[in-house]
Amino acid sequence: MHGSCLCGLVAFEAVPDRHVIACHCSQCRKQSGHFWAATFAWHKDFRLIRAEGLRWYDASDKARRGFCGGCGAFLFWQPVGEDRISIAGGAFDGETGLHVGESWHNEDAGDYYSPAGSALPNAGPLVPLLQGSCLCRANRFTMPGPMGAVTACHCHACRKTSGHYAASFPVTPEAITWHARQVDGYKDSMGNRRGFCPTCGSKLYVQDAAGGFQLAAAAVDNPTGGHLARHVYVAEKGDYHDLTDGLPQYPAGAGG
Ligand SMILES: [Zn+2]
Ligand SMILES: [Zn+2]
Ligand SMILES: [Zn+2]
């Protein structure tokens, strides 16, 4: 199976050896912008075709996390001293024939969605101040809360960069107070500028061509006062997972 990041500076071939595992740990959440989902391949069944963009972030002494420095795509997780590599479901091109078989670290999930796949009530706790950061903490910010309605996006670009699918909420950029800021951006084919941390690859925001600004939901630490409200661009959704939360689904944008 062939896979790649959004900008093409990382590409690979792999023969996956397992179903997909959804991971809600805080590290996968920060890097993906929502939560991650990955299969794995043994090293003998894995080959990098292009690696110019590949950067590794040593999140702990147990594993390193691979992302593309060109577009911010979160692609790989590699345990130290083992001969296997985890690969994002969203990184694969075309049909995968895979399915999500397990869900890990549900206790670390964001409070704006249910890792079990059910919908949350629309009114969350009143959270007047949101605190956020990237995984390496080179980015730290505060802003007025609550998070409110969160949109999940399954478009090709969000799938590639998150490694699964994206979740974000609209903000005015001026409302964010950055206490530390280190952001790289990638302009996708739709003209959206996708901001990510160049050190750890965490997803931070998407600034669309029309001037809208969406902050990655997982950049905000709990409590958020947010709730997942809809799924958009489901026509481009990965084939390896189902949406079971009963929320409205739109084939393209929420407008049509
Ligand atoms: Zn890339
Ligand atoms: Zn960072
Ligand atoms: Zn999208």
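What percentage of the 256 residues of the protein count as buried? The figure is 45%, where buried means that 20 or more other C-beta atoms, placed from the backbone, lie within 10 Å of a residue's own. The model you see is predicted, so local features need pLDDT of at least 70 and side-chain atom pairs count only at pLDDT 80 or more, while totals for chains, interfaces and linings use all residues. Residues are numbered from 1 along each chain as its sequence is written, and chains are lettered from A and ligands numbered from 1 in the order in which they are written.

**Overall build**

- The protein has two helices and 20 strands; helices (H or I, at least four residues) and strands (E, at least two) are DSSP runs, numbered from the N terminus.
- Along the principal axes, the C-alpha atoms fill a box of roughly 50 × 40 × 35 Å.

**Two domains**

- Domain 1 covers 2–104 and domain 2 covers 111–236, with bounds that come from an automatic or database domain assignment.
- Between domain 1 and domain 2, the C-alpha centres are 20 Å apart.
- Here 31 residues of domain 1 are in contact with 28 residues of domain 2; contact means C-beta atoms, placed from the backbone, within 7 Å.
- On the side of domain 1 that touches domain 2, at least two residues each come from several elements, including helix H1 (26–32) and strand S4 (36–42).
- H1 gives the most to that side, with five residues.

- Look for Cys136 in the loop between strand S11 (129–133) and strand S12 (140–144).
- Cys136 has 17 other C-beta atoms within 10 Å, so Cys136 is partly exposed, a class that lies between buried and exposed (12 or fewer).
- Leaving out residues up to four places away in sequence, Cys136 touches Tyr57, Cys197, Thr199 and Cys200.
- Met190 sits in the loop between strand S16 (184–187) and strand S17 (193–196).
- Met190 counts as exposed because it has 11 C-beta neighbours inside 10 Å.
- Not counting residues up to four places away in sequence, Met190 touches Ala157 and Ala209.
- Met190 and Ala209 are 19 residues apart along the chain, and their C-alpha atoms are separated by 7.5 Å.

Definitions and conventions
Contact = placed C-beta atoms within 7 Å.
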